[in-house]
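Here are some exercises to work through with the model open beside you. Try each task before you read its solution.

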Amino acid sequence: MTPVTVWPELLFAFVVGACVGSFLNVCITRWPHDLSVVRPRSRCPRCERPITALDNIPILSWVLLRGKCRGCALPISTLYPAIELITGLGWLGTVLAFGPTFTAVRVAVLGTVLLGIAVTDARHYLIPDGFTVFGLLWVFLTAVVGTMLNQPSPFADPYDAMIGACAGAGAIAIAGWLGEVALKKEAMGFGDVTLMAVVGAAVGPARAMLTIFFGALIATIVFLGVVYPYGWLKARRNKVEFDPPQIPFGVFLAPAAVIALLWGDSMVSAYTNSIGL
Ligand SMILES: [Zn+2]
């Protein structure tokens, strides 16, 4: 099945995605501090000038303002337009892959939630409940609607979603517990458990295990290959003892979940074939 997609649909998907990305920015900056994402309106943190609708157009406003507040010229982080651009391209990509379908919306929204989780975990070692509670409800509700629509999709059906949520959360909790015993310190936050409940509901139990495997693999490569050696060298240069930084596991589980959702089924079947199941 090749979805027929025309450019106005792709442009529409990009614009909607960029606007969703703009709201994602609000969640990313406010939820870690337990602030409401609805009120108050966004203001410049220095001069408290309210950000007008004109200065709040995703990506464009940042470019036109050259990344500075209109009132006081305080630099506006490149994170904001970057998130809007990534989300916009992500939504465009899902419509390209799945056509203008309900499935495309399911993939795009889950991808947006996972992006938010990866960014807040990287910045604050925190996975806000706002993302995971919304994610879990979204995945379950759309699994039921998706079954009724009978559209082809990479998601688990409602029954597998329930088993998957428990399997994903359970497996990561066990891994965290054993890691804690082995390392004699906290190895995993509860946020990772809530994240894996969402991921397990989306992909079902088999691909949830695949997600944890990929997440651990990517995290190991990045931390042993880059972060630890760099930190060790830096500590040596500054003549202080090297204190290995905590691993924000959600940063790696989020992209691993996307891989598992989109390509996990063919990986699992290739594996079971190879061991003769
Ligand atoms: Zn300002």
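## Exercise 1: a charged pair

Asp55 and Arg70 form a salt bridge, with 2.7 Å between the closest N and O atoms. Work out which parts of the chain this pair ties together.

**Solution.** Begin with the ground rules. This is a predicted model, in which local features need pLDDT of at least 70 and side-chain atom pairs count only at pLDDT 80 or more, while totals for chains, interfaces and linings use all residues. Residues are numbered from 1 along each chain as its sequence is written, and side-chain values use heavy atoms, with hydrogens and water left out.

Step 1: check the criterion. A salt bridge is a side-chain nitrogen of Lys or Arg within 4 Å of a carboxyl oxygen of Asp or Glu.

Step 2: Helices are DSSP runs (H or I, at least four residues), as are strands (E, at least two), numbered from the N terminus. Asp55 sits in the loop between H1 and H2 and Arg70 in the loop between H2 and H3, so the bridge ties together parts that are 15 residues apart in sequence.

Step 3: look at the cover. Buried means under 20% relative accessible area, exposed over 50%, and partly exposed in between (1.4 Å probe, protein chains only). Asp55 is buried at 13%, whereas Arg70 is partly exposed at 49%.

## Exercise 2: the other bridge

The whole structure has 2 salt bridges. Find the partner of Asp265 and say which helices the pair links.

**Solution.** Step 1: the side chain of Asp265 meets that of Arg207, at 3.7 Å from N to O.

Step 1: Asp265 belongs to helix H8 and Arg207 to helix H7, so this link spans distant parts of the chain, 58 residues apart.

Step 2: is Arg207 buried or exposed? With a relative accessible area of 5%, Arg207 is buried.

## Exercise 3: the zinc site

Name the protein donors of the zinc ion and describe their geometry.

**Solution.** Step 1: collect the donors, meaning N, O and S atoms within 2.8 Å of the metal (3.2 Å for Na, K and Ca); water is not among the atoms, so sites may look incomplete. The protein gives the SG atoms of Cys44, Cys47, Cys69 and Cys72, lying 2.2 to 2.4 Å from the zinc ion.

Step 1: read off the angles. The 4 donor atoms make angles of 105 to 115 degrees, and the site is tetrahedral (for four donors, all angles must lie between 85 and 135 degrees).

Step 2: trace the donors along the chain, where their spacing is C-x2-C-x21-C-x2-C. Cys47 lies in the loop between H1 and H2 and Cys72 in the loop between H2 and helix H3 (79-98), so this pair ties together parts that are 25 residues apart in sequence. Cys47 itself is partly exposed, at 33%.

## Exercise 4: inside and outside

Which residues touch the most other members of the largest nonpolar core, and which residues form a nonpolar patch on the surface?

**Solution.** Step 1: define the core as a set of buried Ala, Val, Leu, Ile, Met, Phe, Trp, Tyr and Cys residues joined through side-chain atoms within 4.5 Å. The largest one has 45 residues, and Leu110 and Ile172 touch the most other members.

Step 1: see who contributes. H1, H3, helix H4 (102-124), helix H5 (129-149), helix H6 (158-183), helix H7 (190-237) and helix H8 (250-274) each give two or more residues. H7 supplies the largest share, 13 residues.

Step 2: zoom in on Ile172, which is found in helix H6 and is buried at 1% relative accessibility.

Step 3: turn to the surface. Leu54, Ile57, Leu60 and Leu64 make up the patch, with about 430 Å² of accessible area together. Ile57 lies in the loop between helix H1 (7-30) and helix H2 (60-64), and is partly exposed at 37%.

Methods:
Patch = residues over 30% accessible without salt bridge, like charges linked within 9 Å, V, L, I, M, F, W, Y side chains within 5 Å. Areas by Shrake-Rupley, 256 points an atom, 1.4 Å probe, with all protein chains shown as cover. Tetrahedral: all angles 85-135°; square planar, octahedral: opposite > 155°, others 65-115°.
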